[in-house]
Amino acid sequence: MRKPIIKVLLFTTNIFHSIHFLFLTLPQIIQNLRKMESAIGEIQWLVFFNDQLLLEKQKDAYTLPWGEQPPITPESNTIIHDITTPKGVLCKAFSIDREIDETEQYLMTGLRASYEYLPYSQYQIAGKAHEILHWDKNSNFCPACGTPTEKREPIMKKCPNCGNELYPAISTAILALVRKEDSILLVHARNFRGTFKSLVAGFLETGETLEECVAREVLEETGLKVKNITYFGNQAWPYPSGLMVGFIADYESGEIVLQEEELSEGAFYTKDNLPEIPRKLSLARKMIDWWVG
Ligand SMILES: [Zn+2]
């Protein structure tokens, strides 16, 4: 008669013992994992001087510097930011106040140019780090009452006076690939760095949808009406803190009349007559490449 009771008691004790064991050891396991991470130098370091990023040279490639310690000793009052990444790689970022001269091990390059050197996942991390550093630099005072803010979370600051919370703000902009028969609309904006031509682009305004923004921007910048506006894709654009959202649209009506303040050129181009187009890093280029097929 007692045997089943003993069995139940033993079973219960084992379960409690297992749970007890689990709770006791989980923090230790995490601690050990962290130690292992440090031991194999899993921290990726993002060191910026303005938009110049520190890269480490390897045999025939470049990488973000990694190691237990930062590649350059930061000044004592430097804030080191934890950068969270989708893959959970341990990343830390900080700014320096001077450019580092090239050595056998390191060089600095612009964030845009780092796209050419780094694996894409590292370029993305660098972009995020740049956005966080930009936000940190521009959120030292509460915009509502002017009191110095306090950092409470990796991406949250709080005003100790009025309680205002500050998070990194993202500026959303659209890209519009406008098709007309066998050609697309390409423009040269006065703020482009270079002679290439690209898609119509513009910032989302308050109170409008992304599609309304596409229709408005194309009309404002080129005088054309568009239809069949459909989503293509999006891309973080850390210059300094943007999100580009791409749309495909079809020409509906109108003649090209450029908004002279923003654009210096604009026309429809066929596939065999394309001008210089943006570099590979941009969503605009991805969209043009998709259209070329
Ligand atoms: Zn305040």
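Predicted model: local features only at pLDDT ≥ 70, side-chain atom pairs only at ≥ 80, totals over all residues.
**Helix α5**

I started with the outward side. The face of α5 turned away from its buried side carries Asp289 and Val292, both exposed. Next I looked up the buried residues of this helix, which spans 283–292: they are Leu283, Ala284, Met287 and Ile288. These four sit on the same side of α5 because they cover an arc of only 140 degrees around the axis.

What do the buried residues of α5 pack against? I found three strands there: β10 (171–180), β13 (225–237) and β14 (242–253).

I also checked what comes after the helix. Gly293 follows α5, and its phi is positive, near 85 degrees.

**The cores**

I turned to the largest nonpolar core, which has 30 residues. Which members touch the most others? My list reads Leu175, Ala176, Val178 and Val214. Two or more residues each come from β10, β11 (183–189), β12 (200–203), α4 (210–222), β13, β14 and α5. I noted that β14 gives the largest share, six residues.

Leaving aside residues up to four places away in sequence, Ala176 touches Leu199, Val200, Val214, Glu217, Val218, Phe247 and Ala249.

My last entry is on another core. This second one is separate and has 18 residues, among them Leu54, Cys91, Leu118 and Leu133.

Conventions. Residues numbered from 1 in each chain as written. Buried ≥ 20, exposed ≤ 12 C-beta atoms within 10 Å, placed from the backbone. Arc of directions from axis to C-beta. Contact = placed C-beta atoms within 7 Å. Core = buried A, V, L, I, M, F, W, Y, C linked by C-beta atoms within 7 Å.
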